[in-house]
Amino acid sequence: MPNHGGGPRTGIGVPPRRTKVLAITLVIIVVLIAAFLLFDSLYTSYLWYRSIGAVHVYRTRLATQTALFLVFGALMAAVVGANVWLAQRFRPPLTGVSLEQQALDRYRLALGPFLTWIVAGVAVLLGIAAGAAASGAWRTYLLWADRVPFGTTDAQFHKDIGFYVFTLPWLRYIQGFLLAVTLFSLIAALLTHYLFAGIALTPPSGAREGSRITRAAQAHISLLLGALLLVKAYAYWLDRYTLTVAPSGITGGWAGPTFKSVHAVLPAKTILLVIAVLCAVLFFGNAARLIAARSQPEIDRGGRPGALPALAVSLMVLASVVIGGVYPLVVQQFQVNPSQSAKEAPYVQKNIAATRTAYGLDHIEVSSYDAETAAARDRLAADAATVARIRVMDPAVIAPTVNQSQQGRGFYTFPDQLNVDRYQVDGKTQDAVVGVRRLDLAGLPADQRNWVDDHLKYTHGYGVVAAKGTAASPDGSPDYIESGLPTTGALGDYEQRVYFGDGLPDYSIVGGTANSTPAEFDYPGTTRSSTTTYSGKGGVPVGSFLNKLLYAAKFQDAKILLSDGVNHDSRILYDRDPKQRVQAVAPWLTIDGAAYPVVTGGRVQWVVDGYTTTSEYPYSTRTALNGDRVNYVRNSVKATVDAYDGTVTLYAWDETDPILKTWMKAFPGTVKPRSAISPDLLAHLRYPQDMFNAQRDILGRYHVADAQEFLSGSSTWAVPNDPTRGTGPGQPQPPYYLTLQMPGQQAPSFSLTSTMVPAKRSNLAAFVAVDSDPGPDYGKIRILELSGADSVKGPADVQTAFQTTFADKLNVRTGSATKVIPGNLLTLPVGHGFLSVEPVYVQPQSGQAAVPLLNSVMAAYGGKVAFAPTLQQALDELFAGESGAATGENPPAAPAPTAADQLKSALDDAAAAQKEAAAALAQTPQDWKAFGEAQQRLQDALAQAQAIEAGRQPPR
């Protein structure tokens, strides 16, 4: 390097050559580490997908993302780089000198040797950013590339719905990308022209005032501005179709075009499109004029920009304000507002039809229900089958009780919310409350936890516990049909080890050679605990050094690489949550918030519901589904995850759904047909709760079929707050799974139910039930709509009646030693009216047995309420001493005999023995053996009678 100081370099520091070598070494190390981590992420993901037989999903997704990254990244880098090159290529000679240019000279000299690298680096960074954004749009691309038609058209443009769901989002992405490319190119060109004097903020010395931009710079910028206006024109064209899903912006609004949209905004978009194209032509014309004049000498740097660009800019701004802003406001103010209902009714009618179709509500069955309120004797006789299936065990309350009695060890636990299912018990279908015994390492004492325990020894949960939903044990605890550790009961023999489920460790290493000593804790025994060795096909083999190294890096745990417990046959289990596994295999699904266990085919299977959704269905109103805003939903997939080996199986449930067909086309072989579901598994499937929540939210307004009634808002329903869990906002009453027979049904069916109340009142407005039993009526929504004259109490009113009427009884059960926990408030349409049932649980305030136990049941019908130890007693009390139906509760235990009863029984036994003794002596010959035995019974009976009279425990 030149020594500008004129002498040898002095001072302490690293020599420049060593600094350069060190920098290069550090860069190489960083690149190698980044490359290894990238390889680790990609290869371990490949191994995981291979372990569940879904490599094709991983390969398709990765290939699509890579292609999008390369194509869009290269386009961004190439176009921006080319514009910088053009700006530099046509830089002017430095003829004039100004203070501004003198300051820029220093930058030009400093950047000159590195300019190519700087331009390449900036272009590459922009390309990486654009490529990363494009790779994130892989779902949008695949939906467009593999699209299938819906077979129906929208009400405005009469285009197939598939255009809006599949094509329009991809066209929107292309438009956004073109806008980004053009803007970045424009900014880069402006900066480059400025740096190399093509654009000056002050004119050069000796030049006329206003000569601040060269002819080449003007032409270049004009071309880019023209391109920008063409992109804007493209956006205006797309905006026309986007109006079909835009919110109306009107109070109590809906989605889709309104009168203003169709008669003002839509024409305005078309006119602005034409104006944008004309303005782009003006800019291109200006560029052509400047290029044609390139042979003429450039005097005073080309002067100010010409008249054509100024005209184009003025025209575009004026049109946007007047046509795009003022005109729609005038139409709204003077045409729509004076008669809004009449003007908007046709568009609201289209919105109602589209929204119902999009949410699967176009075939709901609405019945007018004149609810009886008189609690007459035998009122429930006709609904005996429904009454027998009323659930008194609340799955949200009894989890601590199940945990306390069935936990087995401190490192096992049950979920806070148990599941509801149905199983065959003694040849009859029994509604059951079900939970999986999960592994909870937090339950191990801290001094007993180490890496081996956390990842090699305690690896799985054990067994499914089930209790009757309709009955409790005499002490109020669950009446189990499957219990113990290992469990036994009505579920039969099945593989009880749960290696895949929620709440398990982030990873476990299992498996071993045939001759190795089992290292995994299996389940506790009376004298010693059982151990086991995993023999399933789940997980990724980690016997090789490479796999150990990769997973040690993935989990940032060197013990995976160094531990002797990891052998040649070991397998690593991770990503074990059922919902997480289904989401990975089907990343195009929206996953339901709850996975529920089913014992079928000798295995525990987790069932996960998957939805295909979009927010682009024309004219349909959006609602929330698992945190997303959607306006179309189908429960298109039922998925299972094997709790032992983690196998993920997807079944097409709604095989008519075009979105599912599109994804099956993009990922062939991923989804099995509905016919592949086994009958045993089919019997346990149910209607998903998240989808029903979205549907009932929409039903609050869209049960109305008439546009005028919809606009008035007088018939709007709302989901009531849950009065047993607090009455504040954000506590809607959840839907409940119940087995009931709706009016018009031939037999009771497993259903998902909900009550609805008027938007601003608390009385009951409607009862909604959807058939959840797989069969011809699965998914059919039935609504019992009460007339406006009815004053049937809603959940909040019923709860208030319970609390006020039975305040003394509830207070007796609440004190320093115990507390009352209300169960779910169920509403059932029985007895030609509505029956409300709420179990009451009592829980000790402290102690090992501080768990909720069923204590009593409250019931209401019409204006009458009852409080009794059992549901049967409460119903009989409600209906004049005899409800006419038997509940599913266990028969009450026989009462213990009183002292008088015991005394009478003992004296009767003594009299009988005395007669037997006399009969023995009367025989010929006399039977002295029988006489002796009778005398002994006589003495025993008399001794028992004496003990009872004395108040002592009678001898046995």
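Which residue is the bridge partner of Val599 in strand 18? The partner is Val604. The model is predicted, so that local features need pLDDT of at least 70 and side-chain atom pairs count only at pLDDT 80 or more, while totals for chains, interfaces and linings use all residues. Residues are numbered from 1 along each chain as its sequence is written, and side-chain values use heavy atoms, without hydrogens and water.

Strands (E, at least two residues) are DSSP runs numbered from the N terminus, and two of them pair if DSSP finds at least two bridges between them. Strand 17 covers residues 596–600, and five of its five residues are buried (under 20% relative accessible area, with exposed over 50% and partly exposed in between; 1.4 Å probe, protein chains only). Tyr596, Val598 and Thr600 point one way from strand 17, whereas Pro597 and Val599 point the other way.

Strand 17 pairs with strand 18, residues 603–614, in the antiparallel sense over five bridges. Two residues lie between these strands in their hairpin, where Gly601 takes a positive phi near 60°.

Strand 18 is also joined to strand 21, by nine bridges and in antiparallel fashion; Thr612 has Arg634 in strand 21 as its bridge partner. With strand 22, residues 648–652, strand 21 forms an antiparallel pairing over five bridges, in which Thr640 stands opposite Thr649 of strand 22. The hairpin of strand 21 and strand 22 has five residues between the strands, and Gly646 there takes a positive phi near 80°.

## Aromatic rings

The structure holds 46 aromatic pairs. Rings of Phe, Tyr and Trp (its six-membered ring) pair if their centres lie within 6.5 Å; planes under 30 degrees apart count as stacked, over 60 as edge-to-face and the rest as tilted. One of the pairs is that of Trp48 and Tyr49, which is edge-to-face, with 5.1 Å centre to centre and 85° between the planes. Trp48 counts as buried because its relative accessibility is 5%, and Tyr49 counts as buried because its value is 9%. Elsewhere, Phe72, Tyr141, Trp144, Trp170, Tyr173 and Phe177 form one aromatic cluster.

## Charges over rings

A charge sits over a ring if NZ of Lys or CZ of Arg is within 6 Å of the ring centre and within 35 degrees of the ring normal. Two such cases are tabulated below.

| Charged residue | Ring | Distance from ring centre |
|---|---|---|
| Arg240 | Tyr241 | 5.2 Å |
| Lys554 | Phe555 | 5.9 Å |

Notes: Helices (H or I, at least four residues) and strands (E, at least two) are DSSP runs, numbered from the N terminus.
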